[in-house]
Amino acid sequence: MVICDHSHFMEYALREARTAFDELEIPIGAVVVKDGRIIGRGHNRMEMLKDATAHAEIMAITSAAEIIGDWRLEDCLLYSTIEPCAMCAGAAVLSRIKTIVYGAKDSRFGACGSIFEIPTEKRLNHRIEVISGVMEKESLELIQLFFQEIRKKRRRKMSKYKVDINRILIRPLYYGLLMNIFVPVLVLGAVYYFDHSGAGDTLQPGGDLNYMFWALLAVAIVDGVIAIAFKQKRFFMPMIRSQETFAEDLAKGVFSESLICYALSGAIAIYGLVFYLMGGNFLSLFLFVFISFIAFQFVRPRYGFLEKVLAAQEKMADEGRFLQSRN
Ligand SMILES: [Zn+2]
């Protein structure tokens, strides 16, 4: 009979918890009952109110006090879907709640038997009767479902982010652009050195492009030598790869996914070269390359910033997994 009554009111607390779920809050709900009538209800609203004290039980106690116009909630029962924490159990003691009824235990913050036993603490001037395990399964399932959803969402977000931004766009573009700095600058340096007529003059494609080839080869050799000397797995120039990194990228599908980026960075290099051959001078091409390098530096820190934001979000979600340690 008594248990049946408790289940009846706990169902209302669960309704509050479901409301919290819909509001993307950790789904905990509570009601305060007096003389068989609900006089206060509340659900967790920590995120919405940006308030660490906005627990379901506090909300329910506050609204009950408002209804009866008194902070003394004598002869009142507090129903909560999850074991109240130290703050909420303390608030129940201070408001002289008669009985606390809760659903599932909370091994991390529970203060009604799990880590503290505030309601029955003999040194306090008021003691509360505690009934636990009422609709425990339903209360716990709701929490577990919530964190499953959070994890699913986070995984979707993270994997989408990693594939789209980091691997496919940012890294190839960054390395691609770096290549567009190294190669044109080194090539132009070589051309400038070999072309005795001066850098301001138009190049002769037939003869001067040979220098281009030799300069590219020199860059490749130097890059390879540096990579071997410093025992680097990945070469500095993205187009030059060790056998392992080549196989790795091939297996991950990096090549096919970032084809557009390589094509784009290649197009920039060719554009710079054509611009020069069409009569541009050394300085303007140097500026073109330099400015595109500077512009890209603005994108890169923002990428680093985004990464940090996502890591912080993940950490927050992890900290919210307060019931997961039980499972
Ligand atoms: Zn609490």
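Leaving aside neighbours within four places in sequence, Leu78 is in contact with Ala30, Val32, Glu57, Ala60, Ile61, Ala92, Ile97 and Ile100. This is a predicted model. Leu78 is also among the residues with the most contacts inside the largest nonpolar core, which has 45 residues.

**Nonpolar core**
- Val32, Ala60, Ile61, Tyr79, Ala92 and Ile100 join Leu78 in having the most contacts inside this core.
- Two or more residues each come from α1, β1, α3, β3 (76–82), α4, β4 and α5 (136–194).
- The most comes from α1, which gives seven residues.
- In soluble globular proteins, nonpolar side chains tend to be buried together.

**Helix α3**
- Helix α3 covers residues 56–68, 13 residues in total.
- Its first and last C-alpha atoms are 19 Å apart, close to the 18 Å expected at 1.5 Å a residue.
- Buried residues in α3 are Ala56, Glu57, Ile58, Met59, Ala60, Ile61 and Ala64.
- Of these, Glu57, Ala60 and Ile61 are in contact with Leu78.
- Gly69 follows α3 and has a positive phi, near 70°.

- Leu24 has a positive phi near 60° and is not a glycine.
- Leu24 sits in the loop between α1 (2–22) and β1 (29–34).
- The loop between α4 (86–94) and β4 (99–104) holds Arg96.
- Arg96 has 15 C-beta neighbours inside 10 Å, so it counts as partly exposed; a buried residue needs 20 or more.

Notes. Residues numbered from 1 in each chain as written. Predicted model: local features only at pLDDT ≥ 70, side-chain atom pairs only at ≥ 80, totals over all residues. Helix = DSSP H or I, 4+ residues; strand = E, 2+ residues; numbered from the N terminus. Expected span 1.5 Å × (residues − 1). Buried ≥ 20, exposed ≤ 12 C-beta atoms within 10 Å, placed from the backbone. Core = buried A, V, L, I, M, F, W, Y, C linked by C-beta atoms within 7 Å. Contact = placed C-beta atoms within 7 Å.
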